[in-house]
Amino acid sequence: MLMKKLLKNICLLALLALPLLASCKDDEEETETKPSLIGSVTFDMPEYLRCNDLVTLTASGIIYPEGPITYKWYANVMDDDTLAMTTVTFRVPDSIGTFNISASAQYEGYYTSSTTRSFTTVDVSAEGSLKGLKHSPKTITDKRDSQTYQYVTIGSLDWFAQNLAWDGAGSAFHDSPATHSLFGRIYHWDEATGGVSASGLAAGPQGICPEGWRIPTNEDWADLAKAVSDGAEMSFDGKWEGLGEKLSADAYFNGARMWPYSPDNEHTNTVGWNALPVGNTTVGYEFYDNYGKYGFWWSATQKNENQAYFRYIYGDMNSFPMSSSSKADFGASVRCVRAAAL
């Protein structure tokens, strides 16, 4: 009797265990591993894009397997939010904001690989993305690319009221050409000056400036300082207390203040020179640094064979000091000057 009862219990336990065994088998099938694609999905997309521009992107980067890889795009900024194609063209939204685009690579029997990138739209129209500048009625147009620049007369010279944006050299901010008409471009000294060092008032090389304009020399900078400081003599190697505040603009880019608030620099921009904290580059335009903190501008006067002078404004100081750096490695902004008409 006891043996029959024991066999009955064993059979019952075996029946109860069958669903568990089946469940374990199903789990094993669901978690069956697949090989991964070799490589990473890449596509070249600038960090900033102009509103309403047409942009073409091409996905690549998977190197194995060698068969046809299916690339798919996912973005709510496209007419169809999912597209299966290697190259896609879409129109950038006409509103200011930050948007995401994803591309995935698929191959039967392999895990899917994907990459997501973001871009910010830029409105380059007057008072579009960039606000808070003082505008001058005086303008010139660069015949090379039809770029128009405002300028102001300060002391003995006419000065650009914005950074040079000629795209025949240098680099746009974060390598995003959409911003260069707003922020100007960043140049190595040799590019800016043509490798020519000079001194004397309005005697700098033309370099990359438009016809009739020159890269400012140490003497040009000192003339600017004298005029802004109400006639006080200012040597080029001085710290120029208070002038960083008078020459920098309390500007906003896409609604965000460019210079951070500081009680030591209120960015009064009294003469409309419109200095912005665009920052600098190093290592052959590979690294972009100091955006929102510093603005840097070249002098046409070199310090020695390897270094040249520049002036800079730091957001937490009201001064406009000078320094020097590598002509071949450091990248700074450029303002163009010419002798003012009498």
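**Salt bridges**

The side chain of Lys239 meets that of Glu241 in a salt bridge, 3.6 Å from N to O. This is a predicted model, and I treat each value below as computed from it.

I counted the salt bridges next: the structure holds six. Arg144 and Asp142 form one of them, with their closest N and O atoms 2.7 Å apart. Asp142 is buried, at 1% relative accessible area, while Arg144 is partly exposed at 38%. Arg257 bridges to Asp250, with 2.9 Å between the closest N and O atoms. Here I noted Arg257 as partly exposed at 37% and Asp250 as partly exposed at 24%. Asp250 does not count as buried because that label needs a value under 20%.

I traced an open sheet of four strands in the order 11-12-13-21, paired antiparallel. Strand 11 (139-141) and strand 21 (337-339) are its edges, each pairing on one side only. From one strand to the next I noted an average twist of 30 degrees. I then followed strand 13 (residues 157-160), which pairs with strand 21 in the antiparallel sense over three bridges. Within this pair, I found Leu157 opposite Ala339 of strand 21.

**Helix 4**

Which strands does helix 4 lie across? I found helix 4 (residues 218-228) across strand 12 (148-154), strand 13 and strand 21, at about 95 degrees to strand 13. Helix 4 is mostly covered, with eight of its eleven residues buried. I listed the buried ones, among them Trp221, Leu224 and Val228, and also Asp220 and Asp223. After helix 4 comes Asp230, with a positive phi near 60 degrees.

**Cores**

I went through the largest nonpolar core, which has 26 residues. Phe160, Leu164, Tyr187, Trp213, Trp298, Val334 and Cys336 touch the most other members. At least two residues of this core come from each of strand 12, helix 3 (189-193), strand 18 and strand 19.

What does Cys336 touch, leaving out residues up to four places away in sequence? I noted Asp158, Trp159, Phe160, Leu164, Cys209, Pro210, Trp213 and Arg214.

I also logged a second, separate core of 25 residues, including Val41, Trp73, Ala75 and Val77.

Note on methods
Residues numbered from 1 in each chain as written. Predicted model: local features only at pLDDT ≥ 70, side-chain atom pairs only at ≥ 80, totals over all residues. Heavy atoms only, no water. Pairing = 2+ DSSP bridges. Axes fitted to C-alpha atoms, helices over the stretch in contact; angles between N-to-C directions. Contact = heavy atoms within 4.5 Å. Buried < 20%, exposed > 50% of the residue type's maximum accessible area, 1.4 Å probe, protein only. Core = buried A, V, L, I, M, F, W, Y, C linked by side-chain atoms within 4.5 Å. Salt bridge = Lys/Arg side-chain N within 4 Å of Asp/Glu carboxyl O.
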